[in-house]
Amino acid sequence: MQQFDYTELIEIIQQKIDVSAYSIGFINNVITTRMEQLKIETPFMYAAIISHDESEIEKIKANLTNSHSLFFRNRLTFETLRQVYLPVIMTQKKDEDEIRIWSAGCAGGQEPYTLAILMESVINNWKSELKYRIFATDSNFKEIERAVLGIYSKADIVNLTWHEIDTWFTHSAKRYSLVPQLKKNVQFELFDLFDNDCNCPRTSIFGGFDIIMLANVLIYYKEEMQNKLLKRLKSCKTKQGIIITGETEREIFLRNEYVELYPNSCIFR
Ligand SMILES: C[S@@+](CC[C@H](N)C(=O)[O-])C[C@H]1O[C@@H](n2cnc3c(N)ncnc32)[C@H](O)[C@@H]1O
């Protein structure tokens, strides 16, 4: 499809939904996708539709909230966490301490439950008595509901080994349900990362996270919003705490003076 200037179109959309935090590249992609789906050839024709059709505005809204996720989305990152950084964090803790983790932008729960699988496996290997708690937040209520339910399709678990599936799920008729043991230390909360009153999940009370995972969320936002969020997150972690991101977001962290702890691991301090 021909490349158009969508400036006027974005102004019309902005009158109906607040898209000011999103990157222009991302909004342009959403508009191009909708125009292709509707077989509309010019921004002028699409402007006529969005000016009158509220259901099209709802479609744009839905496309602005990409909730794609997977268990063990990036194996290298999670294995580095399992082999190297979780043991380091555990040795820094006393028996009565708790490891505190925040999955920020947790979608349907695949990411926080992956972190729970890692915690269970490391605690089991070390025969440790340490406790852990995972706070998982998202701004999309439907995703939080799905996460609390903990029922997944085969597509969600493609990166899991048979052993992991066998240990952590019961399955029937193409549905994979998490076992209660994995859910007990994960708590979900509806929370917008740009909340004006609170930097970290309200249920966590004071933050103090050993691990924050913010993956595949920043890429949708403007540089100014990315920088603002990364500054806020620094205040939510412990001094030795780490922040984990997605492969496409490493550059944003490096630009914000975070240090990658192991090459290409997406694990930062
Ligand atoms: C593409 S998914 C990534 C999920 C998971 N972190 C992963 O890497 O697989 C992005 C998620 O971030 C959430 N999100 C986007 N902006 C947010 C915001 N401002 N506050 C909270 N969650 C947000 C979306 O609702 C969506 O569920």
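Which residue in S8 is the bridge partner of Phe 209? The bridge partner of Phe 209 in S8 is Lys 237, and this pair belongs to the parallel pairing of strand S7 (residues 209-213) with strand S8 (residues 237-244), which extends over 4 bridges. Helices (H or I, at least four residues) and strands (E, at least two) are DSSP runs, numbered from the N terminus, and two strands pair if DSSP finds at least two bridges between them.

The structure is a predicted model, in which local features need pLDDT of at least 70 and side-chain atom pairs count only at pLDDT 80 or more, whereas totals for chains, interfaces and linings use all residues. Residues are numbered from 1 along each chain as its sequence is written.

The chain is divided into domain 1 (7-64) and domain 2 (75-268), with bounds that come from an automatic or database domain assignment. The centres of the two domains, taken over C-alpha atoms, are separated by 32 Å. To the contact between them, domain 1 contributes 4 residues and domain 2 contributes 5 residues, where two residues are in contact if their C-beta atoms, placed from the backbone, lie within 7 Å. On the side of domain 1 that touches domain 2, the residues comprise 3 nonpolar, 1 polar and no charged; in this classification Ala, Val, Leu, Ile, Met, Phe, Trp, Tyr, Cys and Pro count as nonpolar, Asp, Glu, Lys and Arg as charged, and the others, Gly among them, as polar.

Helix H1 (residues 7-16) packs against helix H3 (residues 43-52) at an angle of about 5 degrees, and their axes are 10 Å apart. Axes are lines fitted to C-alpha atoms, for helices over the stretch in contact, and angles run from 0 to 180 degrees between N-to-C directions. H1 and H3 are therefore roughly parallel to each other, given that angles under 35 degrees count as roughly parallel, over 145 as roughly antiparallel, 65 to 115 as roughly perpendicular and the rest as oblique. In this packing, Glu 8, Leu 9, Ile 12 and Ile 13 of H1 meet Pro 43, Tyr 46, Ala 47, Ile 50 and Ser 51 of H3, and the residues of the contact divide into 7 nonpolar, 1 polar and 1 charged.

An open sheet of 6 strands with mixed pairing has the order S6-S2-S1-S7-S8-S9. Its edge strands, each of which pairs on one side only, are strand S6 (186-190) and strand S9 (267-268). Helix H7 (residues 141-149) lies across strand S2 (131-138) and S6, and runs at about 165 degrees to S6.

Another open sheet is formed by 3 strands in the order S3-S5-S4, with antiparallel pairing, and has strand S3 (151-152) and S4 as its edge strands. Strand S4 (residues 169-172) is joined by 4 bridges to strand S5 (residues 175-178). Across this pairing, Phe 169 stands opposite Leu 178, Thr 170 has Ser 177 as its bridge partner, and His 171 stands opposite Tyr 176. The hairpin of S4 and S5 has 2 residues between the strands, and Ala 173 takes a positive phi near 40 degrees there. S3 is joined to S5 by 2 bridges, with Ile 151 opposite Ser 177.

Around the ligand there are 21 residues, of which Ser 69, Gly 105, Ser 139, Ala 215 and Asn 216 come nearest; a residue is near a molecule or strand if its C-beta atom, placed from the backbone, lies within 6 Å of it. By class, this shell has 5 nonpolar, 11 polar and 5 charged residues.
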